[in-house]
Amino acid sequence: MKKTKRSKTRILSLALIYFAVALVTVSCVVPILNLLATSFSSSQAIIENRVGLWPAEFTAKAYAYVLNSGEFWRAAWVSLKRVLLGVPINLIMIVLVGYPLSKPENVFPARKYYVAYMLVVMLFNGGMMPTYFIVAKTGLIDTVWAMILPGAVPIFSCIVLMNFFRGIPEELEESARLDGANQVRILTKIYLPLSKPSLATVTLFSLVGHWNAWFDGLIYSNHTQNYPLQSYLQTLVTSNTEALLTGDLKAIMSMIDVNDTNMKAAQIFISIIPLMLIYPFLQKYFTTGLTVGSVKG
């Protein structure tokens, strides 16, 4: 009787869990479908509020308006360079900061002071103007490094990896020390292979941060040819407004079936395509506990 009661309780709890997951999934998918439909709908249909989960008066002119430009591909190349340079630099700095700070105070006595300093820096910064002056005085304006070096050490990701390192059993390091391994070998042969879930997480944080950033591209670039993709897409809305105010007939004619709403929707999907392609390769590490069972005996 008790077994039957437990099985019914388990079935009910699983049903509630599945219902909650389905509800969350629907709440996430429906807005995305609406945005996708909006990006393929005409301006008139959007103004008349006739767009739901399916495009009204299907048109791809919003995508054509964004993609049919050499400036778009130049900006995409700048963003790609930023990701290819910025993400590895972030990962190297995260590991080099997180590993020593994961050690106990008897190994690294000054650890608590560095952690306190990092927490203060994460919560407070010098402000936009001092940062801009530093970037300008170091000659980084109008270079991709201006968008990489100021954020080369992401403090939050360092803390995430530090806490993950601290969860790795000390017996593994002690065993490696008995075999004559130094700190570099312990880090590369033990800690990093066991930290794939955490490394995948901070890699995704860094990737999304670099790819989606737009404001630093605007303030650290004096010429539009140095804009990353997100900064370029942000200026399209401004250029549309300027075309209407100045009476640029050619630009206005190109915007007959394009307005801010469907163009922004197209921008969103253009910008998330690379992340959607990369995420499946990182997602498998998020649910994998590689340290389980690593210490035996």
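Residues are numbered from 1 along each chain as its sequence is written, and side-chain values use heavy atoms, with hydrogens and water left out. In this predicted model, local features need pLDDT of at least 70 and side-chain atom pairs count only at pLDDT 80 or more, whereas totals for chains, interfaces and linings use all residues.

The secondary structure of the protein chain comes to 14 helices and 0 strands, where helices (H or I, at least four residues) and strands (E, at least two) are DSSP runs numbered from the N terminus. Of the 297 residues of the chain, 34% count as buried; buried means under 20% relative accessible area, exposed means over 50%, and partly exposed lies in between (1.4 Å probe, protein chains only). Among the contacts with a separation of 6 or more, 70% are accounted for by residues 24 or more positions apart, a contact being defined by heavy atoms within 4.5 Å.

Two helix pairs illustrate the packing. Helix 4 (residues 70–101) and helix 10 (residues 196–212) pack at an angle of about 145 degrees, with their axes 9 Å apart; axes are lines fitted to C-alpha atoms, for helices over the stretch in contact, and angles run from 0 to 180 degrees between N-to-C directions. The crossing of helix 4 with helix 10 is right-handed, a crossing being left-handed if the near helix is turned anticlockwise from the far one by less than a right angle, and right-handed if clockwise. On the side of helix 4 the contact includes Arg82, Val83, Gly86 and Val87, and on the side of helix 10 it includes Leu199, Val202, Ser206 and Trp211. The residues of this contact divide into 10 nonpolar, 6 polar and 1 charged, with Ala, Val, Leu, Ile, Met, Phe, Trp, Tyr, Cys and Pro counted as nonpolar, Asp, Glu, Lys and Arg as charged, and the others, Gly among them, as polar.

Helix 5 (111–123) and helix 7 (residues 155–166) likewise pack at an angle of about 145 degrees, with their axes 9 Å apart, but the crossing of helix 5 and helix 7 is left-handed. Here Arg111, Val115, Met118, Leu119, Val121 and Met122 in helix 5 meet Ile155, Phe156, Cys158, Ile159, Met162 and Arg166 in helix 7. The contact of helix 5 with helix 7 is made up of 10 nonpolar, no polar and 2 charged residues.

Side chains of opposite charge can pair when their charged atoms come close. The structure holds 5 salt bridges, each being a side-chain nitrogen of Lys or Arg within 4 Å of a carboxyl oxygen of Asp or Glu. One of them joins Asp216 and Arg82 at 2.6 Å, N to O, and this pair links distant parts of the chain, with Asp216 in helix 11 (residues 215–219) and Arg82 in helix 4, 134 residues apart. Asp216 counts as buried because its relative accessibility is 16%, and Arg82 counts as buried because its relative accessibility is 3%. Another salt bridge is formed by Lys103 and Glu173, whose closest N and O atoms are 2.8 Å apart. Lys103 lies in the loop between helix 4 and helix 5 and Glu173 in helix 8 (residues 170–178), 70 residues apart, and both residues are buried.

Arg111, found in helix 5, is buried yet has no salt bridge, the nearest side chain of opposite charge, that of Glu105, being 4.6 Å away (Lys and Arg count as positive and Asp and Glu as negative, while His and the chain ends are not counted). Leaving aside neighbours within four places in sequence, Arg111 is in contact with Leu101, Lys103, Met162 and Arg166.

A further set of charged residues, Glu48, Arg50 and Glu57, is linked in a network of salt bridges. Glu48 and Arg50 form a salt bridge in which the closest N and O atoms are 2.6 Å apart; Glu48 counts as partly exposed at 41% relative accessibility, and Arg50 counts as partly exposed at 39%. Glu57 is found in the loop between helix 2 and helix 3, has a positive phi near 55 degrees although a residue other than glycine, and is partly exposed with a relative accessible area of 43%. Asn49, in the loop between helix 2 (43–47) and helix 3, also has a positive phi, of about 60 degrees, without being a glycine, and counts as exposed at 66% relative accessibility.
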